[in-house]
Amino acid sequence: MNNNYNLKDDFPDDFLWGASTSAFQVEGAANEDGKGVTVADLRTKKSKYLDSSVTVDHYHHVEEDVALMAKLGLKSYRFSISWARIFPHGNDKKPNQKGIDFYNKLINLLVKNNIEPIVTIFHFDCPISLVEQYGGWASRRAIDDYYRYAKTLFELFGDRVHYWLTINEQSLLANVPSMNGIQDNNLHELRQKSENSNYYMFLAQAKVYKLCHKMFSNSKIGPAVSYMTNFPYDHTSENALKSKSMEDLIAFIDMDVAIRGELPTYYLRYLKDKNLVLDICDGDFETLKEGRANFLGLNWYSSSIFKITDVENPKMLDGVISNVEKVTDERMMNAEWGLSYDPVGLRFAMQTVNDRFPHIPIIITECGWPEREKLENGQVHDQKRIKYLNGYIYELREAIKDGVNIISFNPWSFLDLLSVNDGMDKRYGLVFVNRDNNSEKDLARYPKDSFYFYQKVIETNAKNVEILNINSG
Ligand code: BGP
């Protein structure tokens with residue numbers, strides 16, 4: 001009898017164990033060396049915590065930070081390039097040499113240490129000048145400027161970068177349009193602008209997928225999708241359908257367009273019901289078809305449970321997340337900010353994606369556990385993060401054994417960084433950075449206990465990961 005079904009038993013030897021960050025959350029130096037102002041800079045300035053001007057000053061600590069990555073044993077590092085460091089106004093005639101120098105330095109250090117760069121082209125930081133010039137992503141003009149920016153990156157760094165992520169969490173940008181600098185006092189107009197921005201982002205990415213495949217035969221390119229598995233609160237078909245529809249409209253839409261090259265019918269039905277009209281031009285659908293991703297980046301932190309309620313709760317504009325309540329399962333380990341520890345949920349998610357897009361390569365581009373943390377005698381004992389990583393890595397191996405083609409895992413975040421809504425109070429890092437919301441202190445780096453746990457994971461290809469006791473909560 002032949003028992004060789006071509007299934008893997010473990011993480012492959014070339015598995016890319018990585019870690020993740022994004023430019024405006026780690027770099028600092030927001031006004032240095034010619035960098036232009038971005039929407040993210042202005043949004044964080046309004047925060048009651050701290051802004052993007054210094055954050056954890058990775059821009060000036062780049063050698064030290066890559067040395068720590070090498071000590072950790074990272075095989076990949078997922079980071080983003082700041083559009084406004086390359087083109088300060090988003091569409092300048094010439095790129096900014098100092099910005100190019102910084103990313104060359106970072107990429108060369110990574111390559112020297114055998115760390116594969118996984119580069120996000122656009123992570124929440126649209127140059128503000130594009131918003132001032134023509135409304136940014138609310139205008140079709142953004143497609144050409146994004147394309148030119150991506151092409152410039154391919155020309156500059158494509159000899160050393162083999163993994164590209166086009167846009168981070170597009171659906172979040174579409175549902176919170178202020179993150180792209182899009183405003184309107186009229187809610188319907190705002191939704192209309194934001195759906196067009198969503199459509200332009202789909203078209204821009206399709207063009208860039210096509211370009212990348214044309215320029216490099218061996219490179220991989222895909223979106224970084226925010227995917228949170230939704231479970232219905234109970235067995236009723238009404239709750240199950242609502243949970244699924246939200247998952248479709250918030251997560252699968254970005255995957256469906258990137259892989260299948262067309263707008264899914266559930267999205268068209270949504271637009272029709274909301275009386276929203278996309279700015280569709282001749283040739284657009286061919287553009288979508290001709291440019292497809294060849295892997296999926298997934299930001300998966302935890303699952304959520306939803307139940308339908310009568311209470312209007314238009315958290316992300318109206319429509320997608322309205323009339324639902326998020327329910328906490330007290331049996332799980334839950335973080336202060338609503339994230340829960342659900343390792344089996346991750347395996348479930350991986351199977352779901354693989355069912356929809358069989359054999360598609362998957363990179364986990366984000367995944368992480370937030371805590372308030374303090375340094376004690378130069379140490380941080382982040383036991384919950386270790387438990388989280390242990391459980392998630394255990395279930396990732398199970399998913400690989402199920403036949404899911406997971407090629408890389410990049411937990412959020414390599415080091416503590418600026419949380420979008422909570423400054424430095426909410427820490428995700430494997431490395432502690434000595435600063436808080438009120439003071440920059442000395443910005444010294446201290447590996448946490450989870451750093452050493454993850455170091456062992458990488459060294460042993462996860463042999464140190466303990467069997468998961470699902471009932472241990
Ligand atoms: C994702 C973003 C990251 C990061 C992370 C944690 O949505 O891609 O940039 O911010 O979430 O979010 P937060 O900082 O709000 O906890």
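Some ground rules. Residues are numbered from 1 along each chain as its sequence is written, and side-chain values use heavy atoms, with hydrogens and water left out. Because the model is predicted, local features need pLDDT of at least 70 and side-chain atom pairs count only at pLDDT 80 or more, while totals for chains, interfaces and linings use all residues.

Let's start with the sheet. Eight strands make an open sheet, with parallel pairing. The order is E1-E11-E10-E7-E5-E4-E3-E2. Strands here are DSSP runs of E, at least two residues; helices are runs of H or I, at least four; both are numbered from the N terminus. Two strands pair if DSSP finds at least two bridges between them.

Which strands stand at the edges? They are E1 (16-17) and E2 (76-80). Each has a single partner strand, so one side of each is left without a neighbour in the sheet.

Now look at E7, residues 296-299, and E10, residues 362-366. Four bridges join these parallel strands. Leu 298 stands opposite Ile 364 in E10. Helix H13, residues 343-356, packs on the sheet. H13 touches E7, E10 and E11 (406-409). Contact means heavy atoms within 4.5 Å. The direction of H13 makes about 135° with that of E10. Axes are lines fitted to C-alpha atoms, for helices over the stretch in contact, and angles run from 0 to 180 degrees between N-to-C directions.

Next, the ligand. Around the ligand there are 13 residues, each with a heavy atom within 4 Å of it. Among those that come nearest are Gln 25, Glu 169 and Lys 426. For Glu 366, a polar side-chain atom lies 2.8 Å from a ligand oxygen.

Asn 96 sits in the loop between helix H4 (83-86) and helix H5 (97-112). A polar atom of the Asn 96 side chain lies 3.0 Å from the backbone oxygen of Arg 85. Tyr 200 lies in helix H9, residues 187-215. Leaving out residues up to four places away in sequence, Tyr 200 touches several residues, including Trp 137 and Asp 279.

Key:
A polar contact is a pair of N or O atoms within 3.5 Å; within protein, one must be able to donate a hydrogen and the other to accept it, and residues adjacent in sequence count only if both atoms are side-chain atoms.
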